Amino acid sequence: MRIETYNQVAQLYKGSKSGKTQQPYGAAAGRDELTISQAGYDYQIAKKAVAETSDIREDKVASLKTRVESGNYKVDSGDFASKLLERYNALQK
């Protein structure tokens, strides 16, 4: 790094320190504004709805729990094996 270049850059920054911020030519003096698109707004609403939803479906859990406790819950071994193989094959892809 050349010292002369550093000195020139330092002088530029020292000279421009004033109490006011300079506006570029043609820039409008005003307030900043933020607008959110309709898609962004819809995304926020959907995200909030998902966050408020429980991960556990209490109605299904209660139904299965009563069936298991009463002995009425039967698992078809063929269905179980086919679902197990489907999951295994999906993970292998």
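How much accessible surface does the protein have, and what share of it belongs to carbon and sulfur atoms? The surface comes to about 9,800 Å², with 55% on carbon and sulfur atoms. Such areas come from the Shrake-Rupley method with a 1.4 Å probe; for residues, only the protein chains shown count as cover.

This is a predicted model, where local features need pLDDT of at least 70, side-chain atom pairs count only at pLDDT 80 or more, and totals for chains, interfaces and linings use all residues. Residues are numbered from 1 along each chain as its sequence is written, and side-chain values use heavy atoms, without hydrogens and water.

Start with the whole chain. It has four helices and zero strands. Helices are DSSP runs of H or I with at least four residues, strands runs of E with at least two, numbered from the N terminus.

Next, select residues 58-70, helix H3. Step on to Gly 71, which follows H3 and has a positive phi, near 85°.

Now pick Leu 64 in H3. It is partly exposed, because its relative accessibility is 36% (the class lies between 20% and 50%).

Finally, select Leu 64, Val 68, Tyr 73, Val 75, Phe 80 and Leu 84 together. They form a nonpolar surface patch with about 580 Å² of accessible area. H3 and helix H4 (77-92) each supply at least two of its residues.

Patch members have over 30% relative accessible area and no salt bridge, and nonpolar side chains (Val, Leu, Ile, Met, Phe, Trp, Tyr) are joined within 5 Å. A salt bridge puts a side-chain nitrogen of Lys or Arg within 4 Å of a carboxyl oxygen of Asp or Glu.

Methods:
The expected span of a helix is 1.5 Å times one less than its number of residues. Patches are made of residues with over 30% relative accessible area and no salt bridge: like charges are joined within 9 Å, nonpolar side chains (Val, Leu, Ile, Met, Phe, Trp, Tyr) within 5 Å. Buried means under 20% relative accessible area, exposed over 50%, partly exposed in between (1.4 Å probe, protein chains only).
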